[in-house]
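Here is a friendly walk through one protein model, with the sequence and the fold side by side. Take a look at both, and then we can go through the strands, rings and charges together.

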Amino acid sequence: KKDVRILRTLHNNLVYLDDRFTVQADIEGIFCNGINISASISEINKNGNRNLGEQSVNAVGDQFNGSVKWEIAAQEPGIRHYRINVRKVEGEFTTENNVQDIYIEVLDARQKILLLANAPHPDLQALRLSITQNKNYDVDVQLAGEWKGNIADYDLVILHQLPSSTN
């Protein structure tokens, strides 16, 4: 009997905010020789479905296996719900195996770093630029005499020329 189905999906369960990740769907087509098999991926959220792309493969042979891939940007933190759907082919026996849902957790894992200095110094800018090359670090540069924050709000505190006679 003619059937198209999603065999499996390959994806990360965990990704970081603002990264790009790949989702792959392995598709099988039985008695679909010469048929163009189309698959799409959409993000499901409280506002509805957002189509993220469509890929297609041409089935060759009576027992065809192929793969389609999408590259997706992780734009919002939280658990994201995606649905992969293979379009029904004419004369298909069942369409229950044409849809697969996946869930991917997007983490905002930025580490907050406080660079606390005794006084202005050119090294502070060099340190800040060096640290912020990694997009997972968020750096605050503050002078000790003016700073009124809470150290507990940071994952790391770097003291520059501290302690001093004035601070």
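Which side chain meets Arg110 in a salt bridge? The partner is Asp18, with N to O at 3.0 Å.

## Before you read on

This is a predicted model, in which local features need pLDDT of at least 70 and side-chain atom pairs count only at pLDDT 80 or more, while totals for chains, interfaces and linings use all residues. Residues are numbered from 1 along each chain as its sequence is written, and side-chain values use heavy atoms, with hydrogens and water left out.

## The five-stranded sheet

Let's start with the strands (DSSP runs of E, at least two residues, numbered from the N terminus). Five of them make an open sheet with mixed pairing, in the order S2-S8-S7-S4-S5. Two strands count as paired if DSSP finds at least two bridges between them. Strand S2 (14-16) and strand S5 (48-58) are at the edges with a single partner strand each, so one side of each has no neighbour in the sheet. From one strand to the next, the twist averages 30 degrees; the axes behind this are lines fitted to C-alpha atoms, and angles run from 0 to 180 degrees between N-to-C directions.

Inside this sheet, strand S7 (residues 78-86) and strand S8 (residues 99-107) run antiparallel and are joined by eight bridges. Arg80 has Ile104 in S8 as its bridge partner.

Strand S9 (residues 111-117) pairs with S11 over five bridges in the parallel sense, and Leu116 has Leu159 in S11 as its bridge partner.

Asp138 sits in strand S10. Its relative accessible area is 37%, which makes Asp138 partly exposed (buried is under 20%, exposed over 50%, and partly exposed lies in between, with a 1.4 Å probe and protein chains only). Leaving out residues up to four places away in sequence, Asp138 touches Gln111, Lys112 and Ile113, where touching means heavy atoms within 4.5 Å. The C-alpha atoms of Asp138 and Ile113 are separated by 6.0 Å, although the two are 25 residues apart along the chain.

## Strands S3 and S6

S3 and S6 pair over eleven bridges in the antiparallel sense, and Asp26 stands opposite Ser67 in S6. Strand S6 (residues 63-73) has a covered face made of Phe64, Gly66, Val68, Trp70 and Ile72. Its uncovered face holds Gln63, Asn65, Ser67, Lys69, Glu71 and Ala73. In a regular strand, side chains alternate between the two faces of the sheet.

## Aromatic rings

There are two aromatic pairs in the structure. Rings of Phe, Tyr and Trp (its six-membered ring) pair if their centres lie within 6.5 Å; planes under 30 degrees apart are stacked, over 60 edge-to-face, and the rest tilted. Phe21 and Tyr82 are edge-to-face, at 6.1 Å centre to centre with 65 degrees between the planes. Phe21 lies in strand S3 (residues 20-30) and Tyr82 in strand S7, so this pair ties together parts 61 residues apart in sequence. Phe21 and Tyr82 are both buried.

The rings of Trp147 and Tyr154 have centres 6.5 Å apart and planes at 55 degrees, so this pair is tilted. Trp147 and Tyr154 are buried too. Lys112 lies over the face of Tyr154, at 5.2 Å from the ring centre (a charge sits over a ring if NZ of Lys or CZ of Arg is within 6 Å of the centre and within 35 degrees of the ring normal).

## Salt bridges

The structure holds eleven salt bridges, each a side-chain nitrogen of Lys or Arg within 4 Å of a carboxyl oxygen of Asp or Glu. To return to the opening pair, Arg110 lies in the loop between S8 and S9 and Asp18 in the loop between S2 and S3, so they tie together parts 92 residues apart in sequence.

Another of these joins Glu43 and Arg80 at 2.9 Å, N to O. Glu43 is buried at 5% relative accessibility, and Arg80 is buried at 12%. Salt bridges that share partners join Glu43, Arg50, Glu76 and Arg80 into one network.

Technical notes. Helix = DSSP H or I, 4+ residues; strand = E, 2+ residues; numbered from the N terminus.
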